[in-house]
Amino acid sequence: LPPWWSAAMQKGKDTDADLKGTTFPLCSRAWTMKDLEILNESRTMYSVIDFTPGEEQIGVWANRAYLDMTNQTLEKFLDNIKASKISVTVATLNSKLYQNIQVDNNCERISKVLYPNGKPMTFEFHSRPFKLIRHGEERTVVFNAVFLIERDQIRKHALLEEMQRYTHVTQVYVDRQSLDVIAGNQPAWIVYSCNNDMRVGDRQLNLKDIFASMKFDSVEEEHAAWERVTNLTLQSEPFEIECRKRSVRQLRVPSEELRSARPGDYELWHKFVWIPCMHPELGMESVLLNEYDVTQLKRVQADLVAANVAQEQAFTSISHELRTPLSGIIGLADALLGSDNIPPAVAKPLTVIKSSGLRLAGLVNDILDAASFNRNRLVVKHGECDLSMVADGVCDLVRP
């Protein structure tokens with residue numbers, strides 16, 4: 001390599017400080033496509049990517065070492081990395097990389113699985129901001145130095161996969177063409193009673209088996225969910241739905257307790273999240289299903305609804321019980337005040353009794369309004385209020 005390029009690469013060597021936001025020397029000047037040609041003589045793999053939103057062509061350039069390792073030509077490399085050929089999930093990640101690298105001039109280290117010979121190979125991309133003059137326009141793009149991960153490093157990835165296998169989330173990959181389940185973790189083996197190859201007896205677990213375990217409220221809802229899942233593409237947004245599960249094999253309750261339980265006490269609820277993606281090993285279009293057990297959450301929600309209903313019923317009952325004696329007190333005080341021969345010394349306490357009764361009746365109505373508010377039935381009415389009467393009533397209560 002020429003001295004000027006070697007010096008730039010040496011100064012741009014990854015360090016912890018660099019990865020925390022220091023701008024690399026590669027971005028200190030603008031390079032041209034002709035400058036990149038010298039990298040075809042290097043055995044290190046390099047590529048240039050542009051994550052600018054709205055651009056169809058994401059791939060910009062790759063050197064000969066990268067193309068030989070990934071078993072493709074430059075034309076094929078450019079054709080494969082286009083915005084129309086990536087999933088929504090990958091597009092979201094690309095948007096974050098654009099902000100972090102091309103806008104904020106930070107650096108990233110990213111591990112990716114590529115399939116140069118039909119078999120998965122793990123590479124680590126050291127991504128840096130890079131000023132490039134292309135088509136007469138200067139733009140900050142992403143410069144990648146790409147390294148093949150060695151076997152001891154691959155073991156770390158295998159350990160992460162092993163940890164994921166024992167997560168509480170049920171995960172399966174469904175082939176978009178055949179709708180067969182092509183992979184799954186250990187919870188999936190238990191939930192769907194299959195082996196680690198996702199086979200049930202002499203056949204492969206299928207999307208129909210998953211839907212057979214889902215209990216919908218109506219046939220129309222089931223058909224709508226089936227159409228939504230089977231029509232997912234890489235450009236589709238993830239789709240999620242909550243419904244009951246038909247199977248109870250994973251319940252950890254004694255059989256006698258299960259027999260004596262009320263209907264629905266041990267009913268299972270699962271949340272299904274369908275994510276269109278590429279299978280990380282086989283490289284085929286598939287749908288990743290993340291299945292979460294939300295039974296406990298549903299029970300808590302049901303308990304809260306029941307508690308709110310009981311509270312509203314108690315408020316309503318107490319309010320009606322209070323209204324009956326209050327009506328008698330207010331009516332009797334009103335009748336006595338209507339007498340012509342009532343002494344003034346008696347009229348004043350009766351007035352306080354009546355005003356206090358009316359105030360208490362207003363509080364009872366407020367309780368009923370609160371219950372109506374929880375049921376979204378509260379009707380707000382605007383009207384005039386005599387503040388002097390309210391103040392006089394309060395003063396009469398506390399005046400000796």
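What follows is a chat about the cavity, pockets, cores and salt bridges of a predicted model.

Biologist: Before we start, what are the ground rules here?

Modeller: It's a predicted model, where local features need pLDDT of at least 70, side-chain atom pairs count only at pLDDT 80 or more, and totals for chains, interfaces and linings use all residues. Residues are numbered from 1 along each chain as its sequence is written, and side-chain values use heavy atoms, with hydrogens and water left out.

Biologist: OK, cavities. How many of 30 Å³ or more?

Modeller: The count comes to 1. A cavity here is a set of points, on a 1 Å grid over the protein atoms alone, where a 1.4 Å probe fits but cannot get out. Grid points are joined across faces, edges and corners, and the volume is the space filled by probe spheres set on the points.

Biologist: And how much space lies in the largest cavity?

Modeller: About 50 Å³.

Biologist: Which residues line it?

Modeller: Val 174, Asp 175, Arg 176, Leu 179, Leu 207, Val 229, Thr 230, Trp 274 and Val 287. Lining residues have an atom within 4 Å of a point. Strand S7 (170–175) and helix H10 (219–230) are the elements that give two or more residues to that lining. Those elements are DSSP runs numbered from the N terminus: helices are H or I with at least four residues, strands are E with at least two.

Biologist: Now open space. How much is in the second largest pocket?

Modeller: About 420 Å³. Of the 18 residues lining this pocket, Ser 355, Leu 358, Arg 359, Met 389 and Val 390 are the closest to its centre. A pocket is an open set of points with protein on both sides within 12 Å along at least five of seven lines.

Biologist: Which helices supply its lining?

Modeller: Helix H13 (344–374) and helix H14 (387–398) each supply at least two residues. The largest share, 9 residues, comes from H13. By type, the lining of this pocket splits into 7 nonpolar, 5 polar and 6 charged.

Biologist: Switching to packing. Which residues touch the most other members of the largest nonpolar core?

Modeller: Ile 210, Met 214, Phe 272 and Trp 274, in a core of 26 residues. S7, helix H8 (186–191), helix H9 (207–212), H10, strand S12 (239–245), strand S13 (268–278) and strand S14 (285–293) each supply at least two residues of this core. A nonpolar core is a set of buried Ala, Val, Leu, Ile, Met, Phe, Trp, Tyr and Cys residues joined through side-chain atoms within 4.5 Å. Buried means under 20% relative accessible area, exposed means over 50%, and partly exposed is in between (1.4 Å probe, protein chains only).

Biologist: What does Ile 210 contact away from its sequence neighbours?

Modeller: Leaving aside neighbours within four places, Ile 210 is in contact (heavy atoms within 4.5 Å) with Val 172, Val 174, Val 181, Tyr 192, Phe 272, Trp 274 and Leu 289. Apart from that core lies another, of 18 residues, among them Phe 51, Leu 67, Ile 101 and Val 142.

Biologist: Salt bridges next. How many in the whole structure?

Modeller: The search finds 10, each being a side-chain nitrogen of Lys or Arg within 4 Å of a carboxyl oxygen of Asp or Glu.

Biologist: What's the story with Glu 285 and Arg 176?

Modeller: Their closest N and O atoms are 3.0 Å apart. Glu 285 lies in strand S14 and Arg 176 in the loop between S7 and strand S8 (181–184), so the pair ties together parts 109 residues apart in sequence. Arg 176 also lines the largest cavity.

Biologist: And which residues are joined into one network?

Modeller: Asp 50, Glu 55, Glu 137 and Arg 139, through salt bridges that share partners.

Biologist: Is Asp 50 buried or exposed?

Modeller: Asp 50 counts as buried because its relative accessible area is 3%. Asp 50 is in the loop between strand S2 (45–49) and strand S3 (59–62). Not counting residues up to four places away, Asp 50 touches Gln 57, Ile 58, Val 60, Gln 102, Arg 139 and Val 141.

Note on methods
Nonpolar A, V, L, I, M, F, W, Y, C, P; charged D, E, K, R; others polar.
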